[in-house]
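Please look over the notes below with the fold open in your viewer.

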Amino acid sequence: MSEPFTRRAALLSSLGVLLPPRAASARYLNVAIFSKHLQFLAGAELARAAADMGFDGIDITVRSGGHVEPARVAADLPQLVAVIRQHGLEVPMVTTDIVDASTPHARAVFHTLASLGIRYYRWGGFKYTNDQPLAEQMVAFQQRSAALAALNAEYKVCAMYHTHSGVDLVGAAVWDILEILKSLDPAAVGINYDIGHATVEGGLGGWIDSFRVAQPYIRGVAVKDFLWQKKAKDYQPTWVPLGQGMVRFPAFFGLLAQSTFDGPLQLHFEYPLAGADAGKRQLTAPPTEVFSAMRRDLHQLRLYLKDSGLANAQA
């Protein structure tokens with residue numbers, strides 16, 4: 001047994017996680033950058049920056065204010081994807097503002113994705129209200145998800161519900177969105193598991209259980225890090241560079257390595273980063289400083305992947 005695997009097994013054991021036998025053959029995960037954080041670039045400049053920093057692909061924002069407006073998806077997305085692919089990068093997924101099958105331009109988005117061979121897109125946005133029991137609301141969410149799954153099956157695309165953290169957000173606990181999706185085909189509707197948000201909600205061990213139980217539906221993974229910090233009279237999660245926070249990445253990627261997950265894997269930058277964190281089109285610092293921070297986080301991520309057997313030896 002290799003030394004990295006031994007260290008990972010020991011760490012997971014200390015967290016109460018039992019590892020199955022290590023897979024005989026390795027698999028490597030490519031890393032895409034969430035294009036929200038490069039909203040100050042477009043076209044060839046966007047593709048060139050992502051390639052120069054060492055990313056394998058781009059998760060394109062196809063939403064209001066994003067790199068592609070939903071109303072123009074048929075015209076603009078193929079052009080952008082072509083430019084990105086010309087730079088040797090993948091487009092493994094797009095991020096949309098689709099909530100259900102009735103969201104404007106949903107069919108146009110699905111048709112365009114299918115024509116480009118892009119199978120995955122990010123969806124979400126269900127919220128609980130105080131006017132009826134949660135169980136009844138979840139039934140309604142299941143019905144809306146079922147309608148979306150049927151539409152996805154028609155176009156052979158897969159929706160990945162993004163797990164955020166926060167009050168009244170469906171999917172924050174992960175268990176609830178899984179309950180909503182459990183009778184539906186995971187090839188049509190799944191989960192984009194955000195380990196940063198999952199740790200905010202799951203603390204010491206809850207994220208382990210949420211990952212385990214949701215594993216059959218996890219189709220994408222988003223990566224970010226955070227710390228709990230005192231602000232005014234309350235503690236709040238504060239996003240920080242990768243490896244400087246509370247997310248147990250060695251343990252998480254150890255679990256991921258023992259699963260059948262094969263992407264898309266997305267790197268996010270939510271900590272203060274001259275406006276790139278918030279998707280601003282104008283930065284408050286030179287782009288070189290932003291790119292330097294992004295390279296640092298990507299390097300750290302590749303180290304985690306390498307130690308877990310999910311990146312090649314040159315990572």
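1. Asp168 counts as partly exposed because its relative accessibility is 36%. The cut-offs are under 20% relative accessible area for buried, over 50% for exposed, and partly exposed in between, with a 1.4 Å probe and protein chains only. Asp168 sits in the loop between strand E5 (158-162) and helix H6 (175-181). Its phi is near 70°, a positive value in a residue other than glycine. Helices (H or I, at least four residues) and strands (E, at least two) are DSSP runs, numbered from the N terminus.

2. A word on the source. This is a predicted model, where local features need pLDDT of at least 70, side-chain atom pairs count only at pLDDT 80 or more, and totals for chains, interfaces and linings use all residues. Residues are numbered from 1 along each chain as its sequence is written, and side-chain values use heavy atoms, with hydrogens and water left out.

3. Val167 lies in the loop between E5 and H6. Val167 is exposed, at 73% relative accessible area.

4. With a relative accessible area of 40%, His105 is partly exposed.

5. Is Leu38 buried or exposed? Leu38 is buried, with a relative accessible area of 0%. Leu38 belongs to the loop between E1 and helix H2 (43-53). Leaving aside residues up to four places away in sequence, Leu38 touches Ile33, Leu46, Ala50, Met53, His67, Phe291 and Met294. Contact here means heavy atoms within 4.5 Å. Leu38 and Ile58 are 20 residues apart in sequence, with 9.9 Å between their C-alpha atoms.

6. Now the barrel. Eight strands close into it in the order E1-E2-E3-E4-E5-E6-E7-E10, and the pairing is parallel. Neighbouring strands of this sheet are turned by 30° against each other on average, direction ignored. Two strands pair if DSSP finds at least two bridges between them. Strands of a sheet pair through backbone hydrogen bonds, either parallel or antiparallel.

7. Take strand E2 (residues 57-62). Six of its six residues are buried. In a regular strand the side chains alternate between the two faces of the sheet. Both faces of E2 are covered: Gly57, Asp59 and Thr61 are buried on one side, and Ile58, Ile60 and Val62 on the other.

8. E2 has a partner on each of two strands. Strand E1 (residues 31-34) runs parallel to E2 and is joined to it by three bridges. Phe34 has Asp59 of E2 as its bridge partner. Three bridges also join E2 to E3, again parallel.

9. Strand E7 (residues 218-223) is mostly covered, with five of its six residues buried. Strand E6 (residues 189-194) pairs with E7 in the parallel sense over four bridges. Tyr193 has Val221 of E7 as its bridge partner. E7 is also joined by three bridges to strand E10 (residues 265-267), and these two run parallel. Val223 stands opposite Leu267 in E10.

10. What joins Gly263 and Pro264? A cis peptide bond does, with omega about 5°. Pro264 is in the loop between H9 and E10.

11. Helix H9 (residues 249-258) packs against helix H10 (residues 287-307) at an angle of about 50°, with their axes 9 Å apart. Axes are lines fitted to C-alpha atoms, for helices over the stretch in contact, and angles run from 0 to 180 degrees between N-to-C directions. H9 and H10 are therefore oblique to each other. Angles under 35 degrees count as roughly parallel, over 145 as roughly antiparallel, 65 to 115 as roughly perpendicular, and the rest as oblique. The contact is made by Phe249, Pro250 and Phe253 of H9 with Leu301, Tyr304 and Leu305 of H10.

12. H9 is mostly covered, as nine of its 10 residues are buried. Among them are Phe249, Phe252, Phe253 and Gln258.
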